[in-house]
Structure formats: C-alpha cells, structure tokens
Amino acid sequence: MRDAFYVGYLRMPKRLRAFVTTVVVVLLLGAGAVALVATTQQPAPGDGTWDLSEKIKVTGTLTTEPYAMLTVPGKPGAPPRQFLLVTMGKVGGAGLDLPATDDAVSITGYPIARGAAGTVLLTVESPEDDVAVSGKPVIARDPVPVALGTATLDGEIVDPKCYFGAMKPGQGKVHKACATLCIQGGIPPMFVTTDADGAPAYYLLVDEQGHGLRGEALHALLPFVADPVRLTGQRERVGDLLRLRIDPRMIERR
Amino acid sequence: MTHAYRAVQWNKHKRTYDALIAVGVVLFIALFVVVGLLQHEGDHAAHPVTLILRATSTCAITLLTIVLAIGPLARLSPRFNPLLYNRRHLGVSTFLVALVHGGLATFWYHGFGVVDPVTSVFTTNANYLPAEGQRWQSWLHGFPYQPLGVFALIILFLMAATSHDFWLKNLSPRVWKNLHTLVYLAYGLIVMHVTLGFLQDDVSVVYAGLLGGSAAVIVVLHVVAGVRENIKEGQDGIANTEWVAVAKIDDLEDAHGKVVCLKNHERIAVFRHGDKVSAVSNVCAHQNGPLGEGRIIDGCITCPWHGYQYRPEDGQSPPPYTETIPTYRVRVEGRDILVNPEALPPGTAVEPALIHETVGEAGDA
C-alpha cells in the first residue's frame with residue numbers, strides 16, 4: 001500500500017501533493033515578502049547624476065595643480081567655477097595627458113552633478129577628441145585662495161566621481177574599495193561633512209602646502225577612505241570649491 | 001542510481017522543482033529591482049547595477065536559508081522529503097545567483113582601476129589587522145569583507161561542481177558528505193560578509209533583522225531536529241549483546257520499517273515485508289539517507305530521500321544497479337523481533353525471519 005510516502009520518480013501521493021503545494025506557495029510568498037521588504041528599505045542614494053547621454057562643452061583655463069581642473073569665469077559677482085577632470089574609468093585627470101598651455105582650452109565631457117553643488121566633474125572620454133586648445137588667451141586666472149581658518153571636521157573621505165553621481169550610492173563601507181581605487185588612480189580625494197546649518201559641505205583635500213596629495217601622502221590617506229574620520233586642517237575657498245589643507249598622517253578615526 | 005551517469009536523470013518532479021526555482025529566482029530579482037527603481041525616482045534613484053547587486057545577494061541568502069532549512073525539516077517530518085529530493089539543484093541555483101553577485105561586484109567596484117580587479121578584492125582594503133591604538137569597533141567597521149564573500153563563493157562552487165552523483169561515488173560518500181558540510185562554513189562567512197559590509201553602512205535595522213531571522217530559522221530548526229533525534233536515540237539505545245529484541249511484530253506495518261539505534265550509535269533498519277522480517281543498515285549508500293524511514297516498494301527497501309532501492313534479503317540494489325549496504329541476522333521469537341547487532345559485509349545474503357511460523361503458533365497471525 002502506498003501511503004503518503006514520497007519517491008521522486010513515482011507519482012506523488014495526493015495527500016502529500018496538497019501539503020507540498022502549500023509549502024511551495026508559502027516559500028514563494030515568503031521570498032517575495034523578503035524581496036519587497038529589503039528593496040523598500042533601501043536608503044536614498046542622493047540626487048547625483050552622471051549624464052552619459054550628452055556631453056557638455058566648457059572653455060576655461062587648464063590647471064594640473066593641485067589636481068587636473070578646468071577653471072572658467074563665474075557669473076557676474078560669483079567666483080570662478082572649477083571642474084575636476086577625470087577619465088571614464090577610475091583614473092584622474094593626470095591620466096589624460098592634458099596639454100601644457102596657457103591658452104584657453106575647450107573640454108567636452110560628460111557632466112557629473114549633485115544637487116545644489118551642481119556640476120563638479122567632467123569625464124573626458126578621449127583626450128584627442130574632447131580636449132582642444134583654442135589658441136585664444138587665457139580667460140580665467142587661477143582664483144586666489146581665501147583663508148577660512150583652522151577647523152576640525154567629522155565626515156567621510158570620498159572619491160568625488162562616484163559620490164557626485166557615478167555610482168549611486170558612492171559612499172560608505174560597501175563602496176570603500178571602489179573609492180580607494182579611484183583615489184589611488186588619481187581622482188582627487190574629497191571630504192564630505194556638514195556645515196553649521198547641517199547642509200552637506202565638500203572639501204577638496206590637499207597637503208599642508210596646498211599641493212595635491214600624491215605619493216606617500218596619498219598612501220597615508222588611502223586606509224581612511226570611506227571610514228568615519230576626523231580631519232583637522234586649514235580651510236580655504238578657491239573659486240567655487242572649498243579646500244582643506246591636511247597632514248594625512250594626522251587623520252583620526254572616529 | 002549509479003548504473004550509468006547522466007548530467008541529470010530528469011523526471012517530472014525534477015522538472016517541476018527546477019521550474020519553480022527558476023521562476024522564483026527571476027521573480028525575486030525582478031521584484032527587487034523594479035520596486036527599487038520606483039522607490040526613489042529620477043535623480044534620486046539608485047544605480048541599476050547597485051540594485052542588481054543587492055537583489056542577487058538577498059536572493060542568494062534567501063535560497064541558502066531554504067537549502068539549509070530543508071534538511072532539519074525533513075528530519076522533523078518526512079512530508080518535507082519532496083523538497084529534499086532535488087535540493088542539490090537548489091544549491092546549484094544558490095551558487096549561480098551568488099556568482100552573479102560576486103562577479104558583478106568585482107567588475108563594478110574593483111574594475112576600471114589601476115589594480116587588477118581580482119587582486120583588488122583582496123588588497124585595496126588591507127585593514128585586516130587593527131592599526132596601533134585603533135578601537136576594535138573601528139577595526140571591525142573597516143574590516144575587508146569582500147574576501148569573506150569570495151571564500152563562501154569558492155565553497156559554494158566546490159559543492160555545486162561536485163553535486164553530481166559521479167563525484168559522490170568517486171569521492172566516496174564520506175568525503176563527499178564532509179565536503180558538503182562546508183555549506184555551514186559558507187553560510188557563516190556570508191553572514192560575516194554582510195555584517196561587516198552592507199550592515200556597516202547607515203541602513204535600516206530591517207536588514208539586520210532579516211539576516212538574524214535567517215540565522216535564527218536555521219539554528220532553531222537544527223537544534224530542534226537534533227534534540228528530537230537525540231531523545232529518540234536515547235530511548236532506543238540498545239545494548240550490543242549477541243541478540244537484542246528491537247521491536248514487536250505488531251509495531252511494524254507491512255512494507256514499513258523501524259529505525260533501531262544501538263548503544264554504539266549504529267542504526268539498523270528493520271523491515272517487515274509480508275510475512276518476513278529483514279534487517280539492514282539504516283544508512284543509504286547514496287547520501288546516508290535514513291532507510292528505516294523508507295518503504296518496501298516493488299519488493300525493495302526504498303530510501304525516502306532519493307528513492308534508492310535495496311533488496312531486503314541481501315542489501316543489494318536490484319540489477320543493473322550496484323549499490324550494497326550491510327545486512328544483519330534477524331529472527332522472530334514469539335512477538336519479538338531480534339537482531340544480531342554484528343553488521344555483515346555489504347550485500348551479504350541473510351535469510352529473512354518468517355513471522356507466520358512463530359506468531360501463528362501464538363495465535364496472532
């Protein structure tokens with residue numbers, strides 16, 4: 001006599017079929033509930049964008065110190081704007097082999113922008129096609145740094161390419177390795193903190209002399225990328241960007 | 001059974017089982033990604049790759065939880081055996097979903113950089129040891145969680161790659177079983193991977209709750225099943241004297257078996273088939289399934305896990321199959337079934353004890 005005993009290669013007994021069907025339905029509904037709960041609990045990744053549908057063209061002055069940037073005149077009464085230049089991959093503007101020129105340069109690239117900060121980076125796909133020396137004289141001088149005093153700030157060191165829109169989210173523990181690789185590849189390190197009003201504040205990190213972090217200084221910084229840290233340094237405004245002069249050996253974990 | 005190897009010995013149940021896995025996995029990932037895209041719209045939406053990474057990780061953990069729950073559930077009630085029957089396909093599916101997650105994460109977070117992506121997984125975050133004066137909470141927060149996932153994926157790969165009966169036969173059931181017990185290590189590594197990775201970010205406690213719930217289900221089911229088996233074992237534990245009474249004839253339905261545990265933890269399956277009684281090892285030669293919980297079908301003891309069959313009189317699978325299990329001498333005295341606890345070599349013929357001769361005399365046939 002066959003009772004509710006199951007053998008895979010024989011017909012399943014009716015009594016057992018009802019039970020198994022119930023279990024399968026419960027499992028599928030349970031899995032669906034897990035998917036639904038897990039996906040709706042995801043934190044908002046911010047309003048950054050990396051618009052790969054259309055390139056924008058920006059003309060300004062090319063600088064490589066502290067990092068590869070294009071400085072363009074600001075609107076009347078506003079400071080000059082500075083665009084960080086990066087490649088399509090995890091490599092900074094230094095990898096673009098940009099021309100050394102005092103002439104105005106036009107760069108065509110995909111913009112990376114986030115909320116009120118607007119477009120902060122340009123991603124250059126091909127230096128040959130997207131970078132053109134105009135032959136016209138410089139249209140925007142290097143902005144003069146304005147010292148804002150020493151400060152100790154809590155926040156996170158991020159790579160601005162991912163943070164401002166390439167990754168979504170481009171911060172935190174899961175993104176730590178990616179951010180570290182980006183900064184190791186020459187994308188300028190940026191410090192994300194909050195200002196006195198609780199609004200996000202972004203500082204480009206440079207060494208105590210105002211130079212870009214490279215070599216040993218960069219390697220001292222890398223282990224702290226994406227971790228909760230406390231930085232102490234000289235704040236300054238250069239164009240529309242804030243900078244923080246730090247000694248990477250003095251970074252504290254929180 | 002192992003007469004000739006095929007990639008998969010398909011039957012209706014396996015096809016249904018696999019179709020349900022495929023539909024379940026596709027629906028799970030689609031639901032996660034689509035709802036995730038709708039949740040934060042426009043510029044606030046998470047990147048689709050991020051959503052796929054999260055969907056595949058959640059799906060793989062859900063699958064693994066089910067895989068690990070099926071074993072104890074089947075020990076608690078044979079009604080769960082249909083889920084156990086094709087569990088290896090569920091395991092292979094778990095590996096494939098986890099592989100998509102691991103491969104995509106390596107490509108996405110470690111690709112396009114100045115370091116080889118695979119090398120980067122192990123070296124880009126090198127905070128394996130705490131820095132001087134670093135608090136342990138801070139160290140754990142920054143600990144490289146990716147290698148934990150890689151090691152778990154390697155274990156899942158080894159299990160998936162050796163899931164076929166070809167490997168079971170050639171590695172020997174013992175080695176195969178030990179290898180596949182590593183799934184618990186893989187699960188532990190995955191729990192650590194998530195705890196030291198995603199859960200370190202500023203995310204909802206719901207995720208810790210889901211992961212803790214998964215672990216709780218697995219631990220509780222294993223403990224309950226283990227305790228129940230230990231209790232049964234304690235009740236059944238019979239001294240290994242020369243002949244031991246293991247059951248009453250009236251306790252055994254026709255075509256049914258009974259598991260008897262000796263003091264040395266050896267288990268014997270005693271079966272009644274018509275007016276005969278036979279005793280064999282309780283351990284199936286295929287995957288150590290509990291034969292005593294099986295039935296006699298077409299004259300053969302049939303394992304409840306995968307349907308492997310053995311003749312009760314000699315512990316041999318019917319031709320052309322070749323599996324053999326140890327047999328035991330058995331006799332009937334009055335209403336008692338007695339077994340000699342000395343196991344005979346696998347496949348040894350033993351004359352079944354006849355019930356009618358003795359019980360009939362007692363007027364009980």
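Reader: What radius of gyration does chain A have?
Author: This is a predicted model, in which local features need pLDDT of at least 70, side-chain atom pairs count only at pLDDT 80 or more, and totals for chains, interfaces and linings use all residues. Residues are numbered from 1 along each chain as its sequence is written, with chains lettered from A and ligands numbered from 1 in the order in which they are written. The radius of gyration is taken over C-alpha atoms, and the globule rule is 2.2 Å times the number of residues to the power 0.38. A compact globule of 254 residues would come out near 18 Å, but chain A has 26 Å.

Reader: What box do the C-alpha atoms of chain A fill?
Author: The box is taken along the principal axes. Its dimensions are roughly 95 × 45 × 35 Å.

Reader: What percentage of the residues in chain A is buried?
Author: A residue is buried if 20 or more other C-beta atoms lie within 10 Å of its own, exposed if 12 or fewer, and partly exposed in between, with C-beta atoms placed from the backbone. Of the 254 residues in chain A, the buried share is 44%.

Reader: How many residues of α2(B) are buried?
Author: The helix is largely enclosed by the rest of the structure, because the buried residues number 22 of the 29.

Reader: Which element gives the largest share of the side of chain B that touches chain A?
Author: Two residues are in contact if their C-beta atoms, placed from the backbone, lie within 7 Å. The contact takes 58 residues from chain B and 50 residues from chain A. Elements that each supply at least two residues of the chain B side include α2, α4 (87-110) and α11 (205-236). The largest share, 10 residues, comes from α1(B).

How values were computed: Helix = DSSP H or I, 4+ residues; strand = E, 2+ residues; numbered from the N terminus.
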